[in-house]
Amino acid sequence: MSGRGTASAPTLPRSRRVRTRREREELHGRLLVAPTLVVVGAVVLFPFLAVFVLSLQDMRLIDIRGFSPADLEVTLDNFARVLSSAGFWAAARTTLVYAAVTTVGSLLAGLVLALALRRPFAGRGAVRGLLLVPYVLPVVAATTIWSTLLNPQYGAVNEIGQRFLGWSAPINFLTTHGIDIAGIPVPVALSVVILFEIWKSFPLAFLFITARLQAVPRDLEEAAVVDGASPTQVFRHVLLPQLAGVLALLALLRFIWSFQNFTDIWLLTGGAGGTEVVAVRVYEELVTRANIGTASALGVLMTLALAGLLVLYLRMVRKGRV
Amino acid sequence: MADRHAAAGARGRPGELDASAGRRGHRSGTRRRPLDRHTLEVGILGVLRIAVIAAAVAASAGPLLYGAVLSVRPFGDVVADPLALPALGEVDLSAYARAMADEAAGGFGLARFMRTSVTVAVWTTVLAVACSVLGAYAAVRLRFFGRDTVNGFFLAVYLFPGIVLAVPLFVLFSRIGLTGSLVGLVIIYMAQTIPVSLYMLRGYFQAVPAGVEEAAEVDGCNRVQVITRVVLPMALPGVAATGLYVFMIAWNEFLFALLFLVDDRQRWTVSLGIARLADFAVPAPVLMAGSIAITVPVVAGFLLAQRLLVSGLTAGAEKG
């Protein structure tokens, strides 16, 4: 390295040595990534392609054993069946409402708490740790506890409602489609699963917004304060623009995850009381009806919807709006 | 992480006070206004802040506490008075014993579910971390063809809907006879956790100075030795945090356990076990005891490694 200009004689061997080092890096890089590629390829990429093929087959679960590639066919019947089936559009609407409200709610809660915990105070570390509990709690434990809390016979919520809030009868939160409160219909079970998801997912938004807040340059804010900006003005004109990027990314991720969420809804309501989202329908087609074709078709439709969303986000990023 | 934040806050606060004092000085000609927008907002937000924090802590930790209290009360008491707290002498731990005991002994088999889950989660952790260590090292230190493609590909994995993948995986595994096998679960959990652990490890590996590795290479270490003897020890806290993260995901997973193991009670994982018990008429204290029992290990682990986990997960957020 040091004698680069002067050493002219041994150019050939050195350049060969450089190339072999390069080649070695190339080889090692590929070797080291290979195990991961194999696993991810086998469990994600291949199935992802397979779901498109399966959606074009007229196939039941019983047919799998004797299935051979020669039986492959192409039919759009599954899509026609799925799109015209009873309750599909209702489920699509429920999914959208669920994903949208959950996204807004968990981002809002995360943002408010990140701002509230921004300045240090005694016990902030402990508070932050406790706020992360819903995120860490195993989902089955969380849904079991929530179901017990909301139980009509001995749940704390109904007991409090009847004892202190003057409810005339216990509410079966997880199966009730809707009740009228002061003439306004309220979707009970759907609200519960949305609240649960906001509760479960706000800590992640909180963490990411907190991390981003720490990187906001201090002098920007101080300058605004010197100019006489009030806290809300500082937030609106200084912090929010800085947080826009991370908020947009979180919104995208949260929407995608909520849109495809099966476990939480299934464990809480099983899809009852107007909470049947498309993911629950996929499970029902697959397990209850044992129809691989329609389950795959539903999956493909979900994937296309999410892909469209992703393209939209990337275009926004490219235009520099986020 | 908290220290840095605290330092920044300490710097910010006096500055802010000075600034408002200075501003008041500027305006002194226009007479003192006792309730200008700034003071009003600071006051209101100050009160709101405390209320919000208190409510959030209650909402976050409250359900867990509720479950813990319920788990030590006899079921009859719970039905008679759902809101009462048991006196210290009345604490009844029999629900835990009943949840843990094997079915043959009149219990619900939670101890066995836990053994299964530990096996699955430990294997997943070991294999996923091993794969990600190699992959993350390559991504950080080596230039090779398709590196960026590979990185983007792993990110994309993160966005594929789990329920959509469940359909072909269920078909595939039925076909090759892996339904009902824990091996299949381990492989799926690996694929699900590798993208995030790669991402986390990459952040920790970047903190290892490249010079140290080069020195080791000069001393005659080959690539594997550089990784195991130099990079791993230096990034050990990060590797531990990543391992804990993978363990948590594998321990908590429900959908694939439901799809593949539901017919085989002997092999239920903890998540599946608790969820199935909830469908039967199992007394609430036993269910709560089970929920607390499967929660304690993960929450304790998370709180212990909180700092590392949080900094690993949010590493990218600071860049915006």
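Okay, a bit of housekeeping. Residues are numbered from 1 along each chain as its sequence is written, chains are lettered from A and ligands numbered from 1 in the order in which they are written. The model is predicted, and local features need pLDDT of at least 70, side-chain atom pairs count only at pLDDT 80 or more, while totals for chains, interfaces and linings use all residues; side-chain values use heavy atoms, with hydrogens and water left out.

So, the interface. On chain A, 105 residues are in contact with 107 residues of chain B; contact here means heavy atoms within 4.5 Å. About 9,500 Å² is buried between the two chains, and carbon and sulfur atoms give 74% of that. Buried area is the accessible area (1.4 Å probe) lost by two parts on being put together, summed over both.

What about salt bridges? Between chain A and chain B the count is one: A:R163 pairs with B:D81, with the closest N and O atoms 3.0 Å apart. The term needs a side-chain nitrogen of Lys or Arg within 4 Å of a carboxyl oxygen of Asp or Glu.

Which part of chain A gives the largest share of its side touching chain B? That's helix 1, residues 11-54, with 23 residues. Helices are DSSP runs (H or I, at least four residues), numbered from the N terminus.

Last, chain B. An unreviewed UniProt entry lists "transmembrane region" spans there, including residues 120-140 and 282-305; such annotations may be inferred rather than shown by experiment. In the model, residues 120-140 of chain B are 100% helix, with end C-alpha atoms 29 Å apart. For residues 282-305 of chain B, it's 88% helix and 34 Å.

How values were computed:
Helices (H or I, at least four residues) and strands (E, at least two) are DSSP runs, numbered from the N terminus.
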